[in-house]
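Hi,

Here is the structure I promised to pass on to you. Have a look at it first, and then read my notes below.

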Amino acid sequence: MECTINGISYDGAGVGRVDGRAVFVPFAVPGETVEIDIVSEKNRYSLGRLRKVVEPSPDRVEPVCPHYYECGGCSYQHVDYSAQLKYKRQVVVDNICRIGKITAEVKETIGMETPWRYRNKVTLHIKNGQLGYYAENTRRLVPVKTCPLITERLEEVTGVLARQLVRINGEDNGEVVIRESSVNGGIMVVFHQIKSAVDLVNSLKGYCSSIYNMEDNRFKLLYGKPFLEERINDLTFRLSPGAFFQVNHQQTLVLIAKVLEYLNLSGDENILDAYCGIGSISLPLAKVSGTVLGVESFAAAVEDARLNAILNNLTNCEFMSGQCEKIVPKLNRQFDAVVLDPPRAGCKREVVTAITDMSPSRVIYVSCNPATLARDLAVFAEQGYLIKEVQPVDMFPWTSHIENCVLLSKNDLK
């Protein structure tokens, strides 16, 4: 059947209507007329499969990656990059209006001049000795020879690893995380429950600065340095194997610059950084403010944050280990500004209400999930905060993911 695509979903699928029902069609582009098959009927919508593009959009392009339609890691390689940025902004607008039931100024998405080879971290699955990605929504392994999103060094290491897995004829099932430093090119490999990890060390030594294997929920160092070094502007960070750090270094700098711009600090403010991780936002704030308190649930990341503060000679920041929903409501302190950078699930309501009870003049909310962001912004709005501006940042080109930096104010600050 034919269908006209007139919208885009949060995961990059085209949206049209058949017999009055919304239908979601992966790989279809707004403005196109397409032939589809209905593959699944839900209560309020249908899922379609693209059979043929009858009238293509001028935004349609040929995907760069040979694995694109099978791998499932990307959602937008069939779309021109400039159009992709517009669609991602529209997803943010739609979520804020539909879920948050609020209006806000959403700026144009900040993209990348060269949106390829930007990922400094990749997670690959190992199944019966083969290395690859899982096809979308399955546990079917797709062996990949190339991935144009990861750096050349990461692709080189994955190639070596794939060949060695075949050579040892392993039957391992697990995953491996490989991360590259943007500072010195160091490579950290972290195996997760891989029995043959020790057998792979010798073949990887010439490519890696450190190799770990997670055994019994503990990281065991098999080779090299215990950390990977990163840098944000003139600040140095040491990353332990389980630490979170943004995968796109270039756009991370853009994001942190936007946080600092929105805060508009004078130099003596007291700031709360909730969900602070290893201090990637806390430390840049500490350089230009009075004090910073970081709160983070992952204990190893808190230790990294404390060490990173020492490495950078910053004595005006402290870090607390624990869940934000338990710690923040019990803080008997006043803050001039609060920065939130929660996981995809967003903030617990008690975190938002505890922050609004503190009445900071500004709140900066960094989010990787427009849906939970919209939900939480609605709670802030209920508590009298104004959503001054939403700035999407394309941290993950060619995928459906979009980072946002939001400025909220207690009063109508200019």
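Let's start with the second largest pocket: strand E5 (45-55) and helix H1 (68-71) each give at least two residues to its lining. Keep in mind that this is a predicted model. The space in that second largest pocket comes to about 670 Å³. Its lining is made up of 25 residues, and the ones nearest the centre are Asp-11, Ala-13, Pro-26, Glu-136 and Asn-137. If you sort the lining of the second largest pocket by class, you get 13 nonpolar, seven polar and five charged residues.

Next up, the helices. The crossing of H2 with H10 is right-handed. Which residues do the touching here? On the H2 side they are Val-91, Val-92, Asn-95 and Ile-96, and they meet Pro-370, Ala-371, Ala-374 and Leu-377 of H10. That contact of H2 with H10 has seven nonpolar residues, one polar and no charged.

H10 also packs with helix H9 (residues 349-358): the two axes come within 10 Å and cross at roughly 35°. H9 passes H10 in a right-handed crossing. From H9, the contact uses Arg-349, Val-352, Ile-355 and Thr-356, while H10 brings Val-379, Phe-380 and Glu-382. What classes of residue make up the contact of H9 with H10? There are four nonpolar, one polar and two charged.

One more pair to look at. Helix H3 (residues 152-167) and helix H4 (residues 197-204) have axes 10 Å apart and pack at an angle of about 130°, so H3 and H4 are oblique to each other. Their crossing, H3 with H4, is right-handed. On the H3 side of the contact you will find Val-157, Val-160, Leu-161, Gln-164 and Leu-165, and on the H4 side Leu-200, Ser-203 and Leu-204. Sorted by class, the contact of H3 with H4 has six nonpolar, two polar and no charged residues.

Notes: Residues numbered from 1 in each chain as written. Predicted model: local features only at pLDDT ≥ 70, side-chain atom pairs only at ≥ 80, totals over all residues. Heavy atoms only, no water. Left-handed = near helix turned anticlockwise from the far one by under 90°. Helix = DSSP H or I, 4+ residues; strand = E, 2+ residues; numbered from the N terminus. Contact = heavy atoms within 4.5 Å. Nonpolar A, V, L, I, M, F, W, Y, C, P; charged D, E, K, R; others polar. 1 Å grid on protein atoms, 1.4 Å probe; cavity = no way out; pocket = protein on both sides within 12 Å on 5 of 7 lines; lining within 4 Å. Points joined across faces, edges and corners; volume = space filled by probe spheres on them. Axes fitted to C-alpha atoms, helices over the stretch in contact; angles between N-to-C directions. Parallel < 35°, antiparallel > 145°, perpendicular 65-115°, else oblique.
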